[in-house]
Structures are given as structure tokens and as C-alpha cells.
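Subject: Structure for you to look at

Dear colleague,

Please find the structure below. My notes follow it.

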Amino acid sequence: MMYRIAVLPGDGIGPEVTAQATRVLAAAGRRFGYEFYFQEGLIGGIAYDATGQPLPRATLDLCRSSDAVLLGAVGGPKWDNLPVHLRPEAGALLPLRKALNVYANLRPAVVFPALAGASTLKPEVAEGLDIVVVRELTGGLYFGEKKREEIPGGQRVVETLVYTTQEIQRVARRAFELARKRKKKLTSVDKANVLESSRLWREVVTDMAREYPDVEVNHMLVDNCAMQLVRNPKQFDVLLTENLFGDILSDEAAQLTGSLGMLPSASLGDGVGLYEPVHGSAPDIAGRQLANPIAAILSGALMLRHSFGLEEAAAAIERAVAAVLEQGYRTADIMEPGKHQVTTTEIGRLIAELVERGE
Ligand code: NAI
Ligand code: MG
């Protein structure tokens, strides 16, 4: 079976980390008998420099005709002063997500046993943490009508929060399906005591729960959820929420695990899925073999699981990452006394070797 993967390395450390992710995917392909066909496209500042556009038409066409997209990161000081529609983030990332209509953003927060000490939480609170935030990505406050006007004494702004039944259903279904494959526990997060959109959210989730009698569902207000995440995060398995709440809660959940360099993400719609590390282009360490490629490598594992249904290969990559950490190898960002510091390329090679050997 052959899968076509569009690879968009982007700026800064993007090319360094995507190179290791494709190396590990290729190793998984050899081990399990799949062929991955990688085609590179330009995105971000490097695309702007080459074509005048941060998201060239050719890149969009490549993504649309692929089975999945692996993205590195975009942006950097060189492009910070461009008009907003030409800037790598606003001009490339948001339009790409919109073009692929990826409405469900999955952000796992996993504490690897070897790194439990890196969390800011007490070890007994952090150890064994394994949760996923499912955030609605294409609706809500970020995409509603906005207005700014002069009024006596200053200005007045309006932001609108819009959700339809159908928009809630499609992301909720993703979360229920995911919960069914995990610990069968779903927490839907809203602000139903104040917001009408949250009341609709709660109604839709409650209705859908009838189709998933095997999944235990509870509803939680977002302010309480923010507290529970730092107090007792292991009470959760799948957290489902709307765009703004999800933006904040997924960053909060991410920090429970320690390093930005370990956090993958998947953005899913009904077509091509988009997989990217949570971190940015890290211009401060770019080109120096200091970047941790594990976030990108784990994004590749999410691609195998969610776009291709290759659970065995996805799990093999995740096990290899855990094993390499267990053996004491660390990139600079997660380095601790007594461990072996290795480069971006070296840790990628170690993980790829374990994946291919099947240990
Ligand atoms: P950043 O995530 O690039 O870096 C924050 C800090 O974490 C830096 O000290 C960096 O060295 C470190 N870091 C990040 N990823 C790492 C990794 N894999 N291994 C080791 N250390 C890592 O965020 P920052 O500095 O706010 O933004 C830098 C540029 O990236 C900006 O132009 C920003 O707009 C862009 N950005 C792009 C994103 C994307 O492409 N999805 C997301 C966030 C920021
Ligand atoms: Mg955020």
C-alpha cells in the first residue's frame, strides 16, 4: 500500500525536525510493509522569499492531492514586518487549515515515564498522564464577524461567537470515536451557565452520547476544567471543547508534560489531515542541531493512526520514542544530569533504528 505525504518543512528548525520525522516514517514503512511517498512543498517565510507568497498555489495543490500533510513550522524575525496577509503565520497556517477544512484539532499530552521529573507537577500527579484535547478549530469566536467603531469617549468592538448544530456534531463525533478507542471517557467542556452557544454545545453532546452508550460522558465548566487540569489531570481521558477554550486548555495541558519539543498535533477534517509539532520555528536554535525532533516524529505517528489507520505502526513509533528516552538519550531542551546529550539527527536515527528493528 502506498501513501502520498506532502512535507512542508517551512522555516527555522522546521526542516531539521521534519527530516527526522520522515526518516522515522520511512523506517516504519520498511518494518510494516508500507510505502510512503514524500513530496516537499514550500510554505512560510522561505516560500515568501522564493515566490512572493507564504502559501503558494502549488503547495495548496500538492496538499490537496496528497493523503496527508506533515508541516514543520513557519515564521521568524526576517518576516515579522510584512503586512499581515503575507506573514508566514497569518498568511500560510490559517489559510492552509481553512483550505483543508480541518475542524478538529487533536493535542495529546503524554508524560513519558523517563521524563516524569520534567513536569512542573508533583511526580505522583504527572506520572502516567495520557490525555487528548479535541479542540474545534474552524468556528467560534475566532471566525465570527468582528466590528470596531468610534463612539463618544473611545471605541467599541464587537466579536461574535457562532456555532451551528452541524459544526458541533462533526467535532463531537471525532471525540466520541477517539474516546471509544481509548479509555471510553469523554469530558465536554463549556460555559453553559453563561453562554447560549455552550448550551447548544451541551445539548448536541448529550444527544450524541446516546449513540455511544459505552463511552462515559461528563460536562464540565471551563473555569473548573482549568483548575482540574493542574490539580488532578489524570481524571481526564478525552477533553472536547470549542475553539477559544480549546486554545487555552490545550496549551495548559501541554505544559503538564514538560517540553514544547515533545508535543505533536493532528488537525482533522473529512479529507486530508494536517500533522504538525505544536512548537514554532525556534529561530534561536535553528541550524545548530539542538532542536528536539520528537514532536515532529510523534506527529508522524498521529498521521499513521488518524489518516491511515495504521495503529500498529503508530504505536511502534511511540514505543521507540519512549525506549530511546528510557535509554537516557536527550536533546538539549530535555537534558538532565547523568543523561547522554545527542543532536537532532542522532536522536532521529536512534528512534528510526528501534522502529525498524521492532524493539
Ligand atoms: P517557538 O515554539 O518557536 O520557541 C519557543 C522556545 O522553545 C524557544 O526558546 C525555542 O528554542 C524552544 N523550542 C521550540 N521548539 C523546540 C524544539 N523542537 N526543540 C527544542 N527547543 C524548542 O515559539 P516562539 O519563539 O514564540 O516563535 C518563534 C517563531 O515561530 C515566530 O515567528 C512564531 O510566530 C513562529 N511560530 C510558528 C508556529 C507554527 O508554525 N505552528 C507556532 C508558534 C510560533
Ligand atoms: Mg495557543
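Predicted model: local features only at pLDDT ≥ 70, side-chain atom pairs only at ≥ 80, totals over all residues.

**The loop at Ala 286**

Leaving out neighbours within four places in sequence, Ala 286 touches Gly 12, Ile 13 and Ser 281. The residue sits in the loop that joins E12 to H10.

**The domain and its sheet**

The unreviewed UniProt entry places "domain: Isopropylmalate dehydrogenase-like" at residues 4-351. Over residues 4-351 the chain is 41% helix and 22% strand, with the end C-alpha atoms 22 Å apart.

Ten strands make up an open sheet with mixed pairing, and their order is E2-E1-E3-E12-E11-E4-E5-E10-E8-E9. The edges are strand E2 (35-40) and strand E9 (216-221); each has a single partner strand, so one side of each lacks a neighbour in the sheet. From one strand to the next the twist averages 25°.

Within this sheet, strand E5 (residues 130-136) pairs with strand E10 (residues 238-241) in the parallel sense, over four bridges. Val 132 is opposite Val 238 in E10.

**Helices across the sheet**

Helix H7 (residues 196-209) lies across strand E8 (185-190) and E9, and runs at about 165° to E8. Helix H10 (residues 294-306) lies across strand E3 (68-73), strand E4 (104-110), strand E11 (264-268) and strand E12 (273-277). The angle between H10 and E12 is about 160°.

**Helix H9**

Helix H9 (residues 243-255) has 13 residues. From first C-alpha to last, H9 reaches 19 Å, close to the 18 Å expected at 1.5 Å a residue.

Which residues of H9 are buried? They are Asn 243, Phe 245, Gly 246, Leu 249, Ser 250, Ala 253 and Ala 254. Viewed down the axis of H9, the buried residues fall within an arc of 150°, so they line one face of the helix. In general, an α-helix has 3.6 residues a turn, so residues three or four places apart point the same way. The cover over the buried residues of H9 includes E4, E5, E8, E10 and helix H8 (222-231).

Regards

Conventions. Residues numbered from 1 in each chain as written. Chains lettered and ligands numbered in written order. UniProt positions renumbered as here; feature names shortened; annotations may be inferred. Helix = DSSP H or I, 4+ residues; strand = E, 2+ residues; numbered from the N terminus. Pairing = 2+ DSSP bridges. Axes fitted to C-alpha atoms, helices over the stretch in contact; angles between N-to-C directions. Contact = placed C-beta atoms within 7 Å. Expected span 1.5 Å × (residues − 1). Buried ≥ 20, exposed ≤ 12 C-beta atoms within 10 Å, placed from the backbone. Arc of directions from axis to C-beta.
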